[in-house]
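Please read these notes with the sequence and the model open side by side. They are meant for someone new to reading structures.

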Amino acid sequence: MLSKRHDPYDVSEIMRIRSIGGYITQQGKVQGQTDITRAFGYFHLLPFVNADPTIKSLELTEADEFLIMANRPVWDAITPQIAIDIARKHRRDPRLAAARVRDHVIAYGVTKSIMVMVIGFGPMFSKNVGRPMRGFSVRDSIYPGVSDHRAKYAMTRRMSRSPSSAIVPTFAQRSNVSQPMSASEFRTIPGTFPIPGANQTNPLTPTQQSMYDFSDEFDDFSPVMSSRARRQRDRDVNARPGDSTLARLEREVPPPIGEVVLVFTDVKNSTIQWETNQIAMRSAIKVHNSIMRRMLRSIGGYEVKTEGDAFMVSFPTVASALHWCLAVQVTFLTADWPQEILDSPHACPIYWPPDEGSGNDSARSRKSGILTEGDGRHLIYRGLRVRMGMHLGSPVSEEDPVTRRMDYFGPMVNRASRISGAADGGQVYVSQDVMDEVYAILGIFETADHNGITDMRQIIDEPSLARDVQALKNLGLCAIQVGEIKLKGLESPEFVSMVYPATLRGRIDMQIQEEEEQQKLKQQQQQQQHNHRRKKQ
């Protein structure tokens with residue numbers, strides 16, 4: 001929201017009106033006539049009610065998709081999140097998105113005049129941004145011909161909106177923008193690859209454009225429908241979720257097969273919170289599940305199954321899995337958690353760095369204080385602490401005969417689950433196989449910065465992969481090595497690393513400080529025991 005509705009109960013507005021001789025009744029009406037302090041058309045109430053708005057500046061980035069502008073009857077009927085869900089579902093056509101939001105408001109029985117405008121930013125509404133039919137890794141896009149089997153994804157993703165479309169043979173033989181460096185160039189910039197024509201846009205060929213030219217489900221509908229398309233339509237209708245919120249979002253992607261990325265999540269200390277705040281945890285779990293599933297639909301992941309508050313999801317690429325994990329961790333900071341949950345020690349807000357002069361009482365210093373713009377402190381924890389673990393491999397994929405959903409089995413699934421169990425609340429652990437792809441993504445960031453590139457589509461041909469890599473760059477993807485960990489029930493250990501967004505760097509600093517405090521405490525205890533033994537002698 002670039003502006004806000006000025007309420008008569010706002011303290012600053014009350015002081016402003018009283019300072020110029022006005023008054024506000026007990027019913028919340030300025031001069032006893034209107035319940036708003038700033039608006040157009042109230043000339044007879046000047047200067048108590050003026051048209052001076054609250055203006056905020058917002059810098060647009062590549063992650064911004066669109067802007068929704070609407071009048072008051074729209075926001076009285078629906079929430080901004082509902083409008084965003086509807087507009088994102090039809091983001092390729094801003095006019096159609098605005099019409100769908102308008103129709104949704106009318107369905108609530110609004111009879112007043114309605115104004116809705118959707119403004120798209122840049123090429124985010126272009127049709128070639130639709131879901132691809134085949135996923136590729138970053139290493140496959142940047143380093144073609146590498147013999148490493150992990151550098152290629154051998155999976156096909158059928159478009160749910162275009163069931164009859166087939167994979168174009170030339171897509172697998174697509175051209176790559178980047179080429180390996182020469183020996184002289186490699187010495188100047190180690191670890192990076194130049195991008196010929198980096199300042200030029202890489203348009204899609206007519207063949208590639210036709211591959212992504214998928215019509216919207218509400219676009220022109222042909223009355224002549226084949227039996228195959230009719231059966232597919234019936235399956236799509238029956239597969240729609242019963243939840244109205246999920247029904248407004250994009251359709252769930254087909255389950256990836258072959259080499260996939262599995263992510264396991266779990267809420268830290270959920271058992272204790274269920275025992276102490278049962279009613280509040282019901283609402284908190286609803287918020288948790290809503291954010292997880294909303295992000296899955298938006299980014300393009302497949303929900304395999306849930307067990308309590310734990311999720312098992314799969315992704316076709318490492319970039320999309322990282323995008324989902326980091327986006328969920330950041331979104332949890334601003335979620336509408338119940339106040340009872342925020343008051344508990346397991347989900348209270350934590351700011352970093354702690355207050356100065358708080359001494360060694362780190363727990364008290366992290367909880368205290370209010371985040372302000374000038375104190376230099378950042379919110380790093382708020383709400384439920386969710387641990388996440390990620391692994392890349394080729395599990396056995398079979399459809400469950402009861403739930404009719406794809407499920408995965410094998411050692412790869414067990415390793416992904418154990419990696420998640422090794423993480424702490426708010427941490428995202430990844431295996432070494434995933435880190436190989438993370439290093440490639442970080443290498444792309446270094447190359448893009450060196451060549452002055454801000455749009456990842458100039459480097460990566462595949463639209464969906466470029467979108468996820470762009471989102472990771474905007475989030476500030478960072479990685480730190482944890483070390484080799486012996487996983488429960490597995491013979492071979494795993495070298496685990498942790499990934500995090502740049503805005504949550506304080507979590508790493510807080511963990512380092514806690515480890516240093518524990519190490520000092522352990523040394524003090526050992527010294528005391530040593531002194532005690534010497535006194536006995």
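1. In which strand is Ser497 found? Ser497 is found in strand E13. Strands, like helices, are DSSP runs numbered from the N terminus (helices are H or I, at least four residues; strands are E, at least two).

2. A word on the source. This is a predicted model, in which local features need pLDDT of at least 70 and side-chain atom pairs count only at pLDDT 80 or more, while totals for chains, interfaces and linings use all residues. Residues are numbered from 1 along each chain as its sequence is written, and side-chain values use heavy atoms, with hydrogens and water left out.

3. The protein has 18 helices and 13 strands. Of its 537 residues, 44% are buried (buried means under 20% relative accessible area, exposed over 50%, partly exposed in between, with a 1.4 Å probe and protein chains only). Among contacts (heavy atoms within 4.5 Å) with a separation of 6 or more, 70% are between residues 24 or more positions apart.

4. Ser497 is buried, with a relative accessible area of 0%. Neighbours within four places in sequence aside, its contacts are Val428, Tyr429, Val430, Met435, Ile480, Gln481 and Val482.

5. Which residues of H15 are buried? They are Met412, Val413, Arg415, Ala416, Ile419 and Ser420. These cover an arc of only 165 degrees around the axis, so they are on the same side of H15 (the arc is that of the directions from the helix axis to the C-beta atoms). An α-helix has 3.6 residues a turn, so residues three or four places apart point the same way. On the other side of H15, Pro411 and Gly421 are exposed.

6. The buried residues of H15 pack against several strands, including E3 (260-267), E8 (386-393) and E13 (494-501). Strand E13 is also where Ser497 is found.

7. Helix H12 (residues 318-332) packs against helix H16 (residues 432-451) at an angle of about 85 degrees, with the axes 10 Å apart. Axes are lines fitted to C-alpha atoms, for helices over the stretch in contact, and angles run from 0 to 180 degrees between N-to-C directions. That makes H12 roughly perpendicular to H16 (under 35 degrees is roughly parallel, over 145 roughly antiparallel, 65 to 115 roughly perpendicular and the rest oblique). Val318, Ala319 and Leu322 in H12 meet Val434, Glu437, Val438 and Ile441 in H16.

8. In H12, 13 of the 15 residues are buried, so H12 is largely enclosed by the rest of the structure.
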